[in-house]
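Here's a quick briefing to read alongside the structure. Have the viewer open and follow along.

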Amino acid sequence: MANDPRTITVAPARADADGGWSPTQGAAFTDLLNANAALSDDEKERLVQETVSIMSDCVPPEAADAVNTGLVIGYVQSGKTLSFTSLAALARDNRFRLVILLAGTTNNLVEQSFDRLKGDLDTAGTREWNVFTTQQKAFQQSEVERVNTELARWRRGSPRARTIMIVSMKQHQHLDNLARLLGGSDFSDVPTLIIDDEGDQAGMNTKAKQDDESTTYSRIKALRALFPHHSYILYTATPQAPLLISRIDALSPDFGRVLTPGTHYVGGQEFFVDGADKYVKLIPLSEVPDKNDPPHEAPESLRAALRDFFIGVAIGLLEDEFQRGRNRSMMIHPAVAKDEHLMFKRWTQQIKDHWSAVLQDRTHPDNARLLDEFRKSADGIFKTYDTSLTFEDIAPILFEAMEETAVAELNTREKSRIAPVDWAGEYSWILIGGIGLDRGFTVEGLTVSYMPRSTGVGNADNIQQRARFFGYKKRYLGLCRIYLTSANTDAFTDYVKHEESVRGSIRKHLEDGGSLKDWRRTYFLDQKLKPTRSSVILLEMYQSKGQGGWIVPDHPFDDSETVAENREIVEQILGSFDFAPYAEDGWNDKQIVPAFSDTLALADILPMIGQFRYRWPDDNLRHSALMLGLERMVSEEPAMTCSFYALSGPWSGVDYKRTLTEKSPPKVKQLWQGANAPTNYPGARALVSSETVTFQLHRYDIQTADKKRTVRDVPILAVHIPDPLMERVWVER
């Protein structure tokens with residue numbers, strides 16, 4: 001990275017065949033990079049590469065009447081704001097004249113984004129930006145006149161022309177007012193960038209299945225229609241909704257990028273996979289408030305969470321975090337209802353006040369007991385946080401830690417707007433709220449989270465967006481504690497696997513030269529969860545079962561050409577591995593398994609299993625979902641073995657037939673050979689491993705119900721997966 005803040009770097013040229021162009025890094029983006037001293041050189045270089053890559057897929061600034069849509073996927077709290085701020089800076093460097101940011105659905109989110117943009121772009125110091133906001137009705141006709149004046153400067157080639165930045169709430173009245181005011185201006189020659197923060201929220205068309213348009217979606221379309229030359233970029237950590245809408249929808253992405261978090265980022269992997277036993281604490285179901293029978297006192301788990309938090313605040317005071325302008329905070333995130341917010345605020349304030357009084361009075365009868373409880377909490381923190389401090393150092397300033405902590409609700413109980421948090425005004429905060437603490441909001445210095453709420457309807461994207469405890473916390477990860485119900489812990493753990501599979505699949509597809517339009521939507525997702533709200537899903541999705549058991553095609557006999565191809569695959573399998581007969585005492589000749597092995601490497605046989613094909617779409621989808629699951633098992637455990645049974649049939653000299661049902665379409669009436677007590681045969685269905693994957697190859701002559709037609713030597717692959725290994729897969733039809 002060049003040290004000269006005015007150095008201009010030209011990004012590597014893109015091939016012209018795909019419509020790409022080569023953005024130029026100029027002063028705006030370079031100044032932003034140099035101002036971010038917290039980023040390492042490697043992180044800055046990666047930010048440059050990813051930002052230039054996104055911009056190169058946007059419409060070229062010289063193009064006329066060109067419009068496209070992109071999707072940028074990051075982790076929760078991973079730096080998406082810095083990415084789209086960098087994209088805005090690069091847009092200015094490349095003579096985009098207008099940037100519009102749709103910054104969230106609540107006042108605190110919009111104001112948070114507005115303040116960050118002004119700070120990161122140094123709008124007051126550089127005079128390269130003319131920044132407007134729709135908040136508090138601040139964008140009216142006089143502001144439109146200023147926009148038109150700025151556009152006139154661009155048109156006459158003034159070197160002092162500033163890039164226009166408009167920050168709007170993603171709410172239908174704000175959008176409607178903005179489109180109405182801008183409707184009288186000429187944007188035909190104005191390269192425009194529209195950034196949709198939390199792009200999966202609010203703007204999706206929730207009435208698509210009714211062949212109608214939801215209000216906010218309609219307003220976004222009307223706003224976009226004003227700009228014949230623009231790119232619309234959706235930023236989100238939960239891309240399920242924009243990926244499952246119709247491909248011809250205006251918000252369906254044409255291109256996409258997967259962002260790489262910085263080295264100090266802490267996310268789901270660290271909390272719910274690697275560190276579940278360190279950082280995640282249980283809220284017992286008995287301590288979750290019941291709205292029909294509200295509790296009369298604070299739950300013990302809340303007291304434990306508060307003790308963990310105040311220990312962390314005290315450590316921060318002793319380690320001079322207070323003097324460095326940093327924060328310590330705790331988030332209490334109960335249900336959406338404001339009554340619960342008030343209940344938790346009262347409990348928190350009462351506990352804080354009581355503990356403060358006890359700690360100030362050494363003669364108080366509860367003093368020794370309270371200090372002992374804090375000592376136990378500190379012992380737990382010391383196991384994960386590296387410090388030379390002892391409890392004897394911490395105990396004397398616990399009162400000061402409480403005194404330094406402000407307790408606040410983040411909702412609209414007393415005001416029409418959610419008030420911003422004065423992070424600079426106080427060092428330590430306990431924030432209580434619902435929507436106000438949900439997606440997009442950054443809780444500075446968050447160490448302890450307490451979330452006694454249900455998983456709701458089980459939409460995976462909504463659950464993940466509650467994870468305000470993710471972020472750049474590696475420096476103080478050991479102080480972090482997340483108090484969750486068992487259902488929420490399971491949901492977050494399952495989501496981590498789902499998230500990595502989606503990101504990995506998209507990243508590989510894009511790196512291989514594909515686009516998001518042609519990426520086949522596939523998701524690993526626990527059966528208790530859904531990808532997103534059903535109202536926006538228009539793509540046809542197949543769902544595999546989420547419980548263990550047998551997976552068998554329904555129509556493997558249909559189409560002689562496919563049967564012949566599958567027969568060749570079977571012969572290849574039988575000729576490629578060492579098999580031996582298998583039988584138990586008492587079995588007769590027909591029950592002996594001619595070819596068996598329980599030592600095959602799953603990774604070795606999987607490429608051949610993947611070659612099976614079927615005429616019926618549902619059989620192919622079932623097989624595709626199966627292969628995705630098996631490939632995932634191999635990626636997680638490369639040495640995994642499997643069992644393989646090639647059962648007797650015409651191929652082995654045993655005259656076995658199976659008859660089809662009379663239903664339409666027909667199925668095999670009885671695939672598995674039944675149990676036989678006299679010979680001690682348990683039945684073919686029982687020949688499975690309880691620990692790993694079992695393949696059974698059945699090869700029968702298949703006869704129609706009227707016995708007029710017989711298909712010879714039909715291979716039927718049945719696969720058994722034990723419950724612990726089974727994962728539900730969603731596959732686009």
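Is Ala-202 buried, exposed or partly exposed? Ala-202 is partly exposed, because its relative accessible area is 30%. Keep in mind that this is a predicted model.

**The chain as a whole**
- You're looking at 733 residues, and 56% of them count as buried.
- Along its principal axes, the C-alpha trace spans about 85 × 80 × 50 Å.
- If you take contacts between residues at least 6 apart in sequence, 79% of them join residues at least 24 apart.

**Surface and charge**
- The accessible surface is about 31500 Å², with 47% of that belonging to carbon and sulfur atoms.
- Side chains split into 85 positive and 102 negative, and the centres of those two sets sit 4 Å apart.

**Around Thr-236**
- Thr-236 sits in strand β8, which covers residues 230-236.
- With a relative accessible area of 0%, Thr-236 falls under the 20% cut-off and so counts as buried.
- Its side chain makes a polar contact with the side chain of Asp-200, at 2.7 Å.
- Leaving out residues up to four places away in sequence, Thr-236 touches a set of residues that includes Leu-71, Val-72, Ile-73, Gly-74 and Lys-80. Glu-198, Gly-199, Asp-200 and Gln-465 are also among the residues touched by Thr-236.

**Helix α18**
- Helix α18 runs over residues 486-511, 26 residues in total.
- From first C-alpha to last, α18 reaches 38 Å, close to the 38 Å expected at 1.5 Å a residue.
- After α18 comes Gly-513, which has a positive phi near 95 degrees.

- As a rule, most residues other than glycine have a negative phi, and most peptide bonds are trans.
- Ala-202 isn't a glycine, yet its phi is positive, about 70 degrees. You'll find Ala-202 in the loop between β7 (192-197) and α8 (215-224).
- Asp-122 isn't a glycine either, and its phi is positive at about 50 degrees. Look for Asp-122 in the loop between α4 (107-120) and α5 (123-126).
- Asp-122 has a relative accessible area of 39%, so it counts as partly exposed.
- Ser-664 and Pro-665 are joined by a cis peptide bond, with omega about 0 degrees. Pro-665 belongs to the loop between β24 (657-659) and β25 (694-703).

Methods. Residues numbered from 1 in each chain as written. Heavy atoms only, no water. Buried < 20%, exposed > 50% of the residue type's maximum accessible area, 1.4 Å probe, protein only. Contact = heavy atoms within 4.5 Å. Areas by Shrake-Rupley, 256 points an atom, 1.4 Å probe, with all protein chains shown as cover. Lys, Arg positive; Asp, Glu negative; His and termini not counted. Charge placed at Lys NZ, Arg CZ, Asp CG, Glu CD. Helix = DSSP H or I, 4+ residues; strand = E, 2+ residues; numbered from the N terminus. Polar contact = N/O pair within 3.5 Å; in protein donor to acceptor, adjacent residues only side chain to side chain. Expected span 1.5 Å × (residues − 1).
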